[in-house]
Amino acid sequence: MSTTATPANDAETPLVLRQDDDGVTILTLNRPRALNALSLPMLQALRAALDEIAEDHSVRAVILRGEGRAFCAGHDLKEITAHRDDPDGGRGFFEALFESCTDVMLAIRNLPVIVVAEVQGIATAAGCQLVSTCDMAVASSEARFGVNGVNAGLFCSTPMVALSRNVPRKLAMEMLTLGEMIDAQRALHHGLVNAVVQPEDLEFRTSEMARRATQKSRAVVALGKEAFYRQAELGVEDAYGMMSRVIVDNLMMRDAEIGISCFIDKKTPEWEDR
């Protein structure tokens, strides 16, 4: 097991902690006093960590968690307010902030391994966006979810992109326009999370899910994850056309040959990740 920290700007305290353990990388958002709010330096640190993971072939699954009592409370409104005094009223900073946030969400989506959110507390606004963007999520029974920027005069437009691709439209509109939180069980019922467990079981259950992913071919998971998100945006006919080509490419991979042979012979495959 190894642990590294990703600094951001000149902050003395690492904003993102990285821990590696036998193929599973744990990224921890580390601003507990600010409820892990996504300041621009935090987003930059998270993007840097994701870029490192993308190039690290020893990583086979990622867990994203928050330090302290919150998973992530969204963007840092104090940071946003401070830039109102900029000569342009903050527009330049706001553009950079949300461009950076979008880059992080797309980096998670494009990562060639599964990313599992471990949600122990509140996940609001961009924090809920993070949960929605991760491939899977496990929540504590004490977790709560919201896209409640409307309460502060800020419609959660960017969180809406990921949220509306995870839950039914009417629930998304309810959350976005009423600004009210939903509990973990309702999040589970509507597909925002995969499982809800007692707080004391959260770390174990999330690790168990991530470790099951490490037992699969990294190359096959990477191909399948990319294909999943690509086909989801297409019409049915186009999706079938594209995925027919993908599955043929998959069959030409060495790990497909190994896996099918081992399945027929009732053996445990040893993946070559190619």
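Predicted model: local features only at pLDDT ≥ 70, side-chain atom pairs only at ≥ 80, totals over all residues.

## Helices H3 and H4

Two packed helices are described by the angle between their axes and the distance between the axes. For H3 (residues 91–110) and H4 (residues 126–133), the axes come within 9 Å and cross at roughly 20°. An angle under 35 degrees counts as roughly parallel, so H3 and H4 get that label. The crossing of H3 past H4 is right-handed.

Which residues in H3 and H4 meet each other? On the H3 side they are Cys-101, Met-105 and Ile-108, and on the H4 side Ala-126, Gln-129, Leu-130 and Thr-133. Sorted by class, this contact has 5 nonpolar and 2 polar residues, with no charged ones.

## Helices H9 and H10

Next up is the pair H9 (residues 218–232) and H10 (residues 236–251), whose axes sit 10 Å apart at an angle of about 175°. Angles over 145 degrees count as roughly antiparallel, so that is how H9 runs relative to H10.

H9 brings Val-220, Leu-223, Ala-227, Arg-230 and Gln-231 to the contact, where they meet Ala-239, Met-242, Met-243, Val-246 and Asn-250 of H10. By class, that gives 7 nonpolar, 2 polar and 1 charged residues.

Asp-20 belongs to strand S2. Is Asp-20 buried or exposed? Its relative accessible area is 16%, and the cut-off for buried is under 20%, so Asp-20 is buried. Its side chain makes a polar contact of 3.0 Å with the side chain of Arg-18, and another polar contact, of 2.5 Å, joins the side chains of Asp-20 and Thr-25.

Asp-22 sits in the loop between S2 (16–21) and S3. With a relative accessibility of 67%, Asp-22 counts as exposed. Now check the backbone: phi of Asp-22 is near 55°, a positive value in a residue other than glycine.

## Ile-26 in strand S3

Ile-26 is part of strand S3 (residues 24–29) and counts as buried, at 10% relative accessibility. Setting aside residues up to four places away in sequence, Ile-26 touches Leu-17, Arg-18, Gln-19, Ile-63 and Arg-65.

How far apart in space are Ile-26 and Val-115, given the 89 residues between their positions in sequence? The C-alpha to C-alpha distance is 9.6 Å.

Most residues other than glycine have a negative phi. Ala-125 has a positive one, near 50°. Its place is the loop between strand S6 (122–124) and H4. Ala-125 is buried, with 15% relative accessible area.

## Thr-206 in helix H8

Thr-206 lies in helix H8 (residues 202–214). Its relative accessible area is 0%, so Thr-206 is buried. A polar atom of the Thr-206 side chain lies 2.9 Å from the backbone oxygen of Leu-202.

Which residues does Thr-206 contact, leaving aside its neighbours within four places in sequence? They are Ile-63, Val-116, Ala-117, Glu-118 and Val-138.

Notes:
Residues numbered from 1 in each chain as written. Heavy atoms only, no water. Axes fitted to C-alpha atoms, helices over the stretch in contact; angles between N-to-C directions. Helix = DSSP H or I, 4+ residues; strand = E, 2+ residues; numbered from the N terminus. Parallel < 35°, antiparallel > 145°, perpendicular 65-115°, else oblique. Left-handed = near helix turned anticlockwise from the far one by under 90°. Contact = heavy atoms within 4.5 Å. Nonpolar A, V, L, I, M, F, W, Y, C, P; charged D, E, K, R; others polar. Buried < 20%, exposed > 50% of the residue type's maximum accessible area, 1.4 Å probe, protein only. Polar contact = N/O pair within 3.5 Å; in protein donor to acceptor, adjacent residues only side chain to side chain.
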